[in-house]
Amino acid sequence: MKIKLTSVYVDDQEKALRFYTEVLGFAKKADFSNGPYRWLTVASPDEPDGTQLQLALNNNPAAKAYQQALFQQSQPAAMFFTDDVKGDYERIKARGAQFRMPPTDVTASTIAMLDDSCGNLIQITQLAHYSR
């Protein structure tokens, strides 16, 4: 089995698409509409056929409540991994992202947390590499 898709709820799909592509640097993968429903995904430009992130509209009351609860508890809705968290922090911050936590060393990794401006907190993580 493989994970090919995961979702994050957003309050505005167009705003989310701009943020996840122009600020974070992901690439739009799929964008299909059927009436009021829009299937919208992004993927890493480094792995265009890898896992997709669906930017799902939070128009379901349960989805909206879940999204808001995570945000209020300062829990990230998604976690992305990088080999250069400090470099990505500078690049993303220069593109206008609001960080809740700058790069911070924690057990076995360095993390940073930002607001995606669509109702979510996003964590970027650089794992510590240990030589054996």
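Buried means under 20% relative accessible area, exposed means over 50%, and partly exposed is in between (1.4 Å probe, protein chains only). These legends describe a predicted model, in which local features need pLDDT of at least 70, side-chain atom pairs count only at pLDDT 80 or more, and totals for chains, interfaces and linings use all residues. Residues are numbered from 1 along each chain as its sequence is written, and side-chain values use heavy atoms, with hydrogens and water left out.

View 1. A salt bridge here is a side-chain nitrogen of Lys or Arg within 4 Å of a carboxyl oxygen of Asp or Glu. (Helices, H or I with at least four residues, and strands, E with at least two, are DSSP runs numbered from the N terminus.) Arg-91 is partly exposed at 29% relative accessibility, while Asp-88 is buried at 18%.

**View 2. Asp-49 and Lys-29 meet through their side chains in a salt bridge.** Here the N to O distance is 3.1 Å. Lys-29 belongs to strand S2 (residues 27-34) and Asp-49 to the loop between strand S3 (37-43) and strand S4 (52-57), so this pair ties together parts that are 20 residues apart in sequence. Asp-49 is exposed, with a relative accessible area of 61%; Lys-29 is partly exposed at 38%.

**View 3. Glu-14, Lys-28, Asp-31 and Arg-38 are linked in a network of salt bridges.** Take a look at Arg-38 and Asp-31, whose closest N and O atoms lie 2.8 Å apart. Arg-38 is buried, with 17% relative accessible area, whereas Asp-31 is partly exposed at 29%.

**View 4. Ala-30 has its place in strand S2.** This residue is buried, with a relative accessible area of 9%. Leaving aside residues up to four places away in sequence, Ala-30 touches Trp-39, Leu-40, Thr-41 and Gln-52, where contact means heavy atoms within 4.5 Å. What separates Ala-30 and Thr-125 in sequence and in space? They are 95 residues apart in sequence, and their C-alpha atoms are 26 Å apart.
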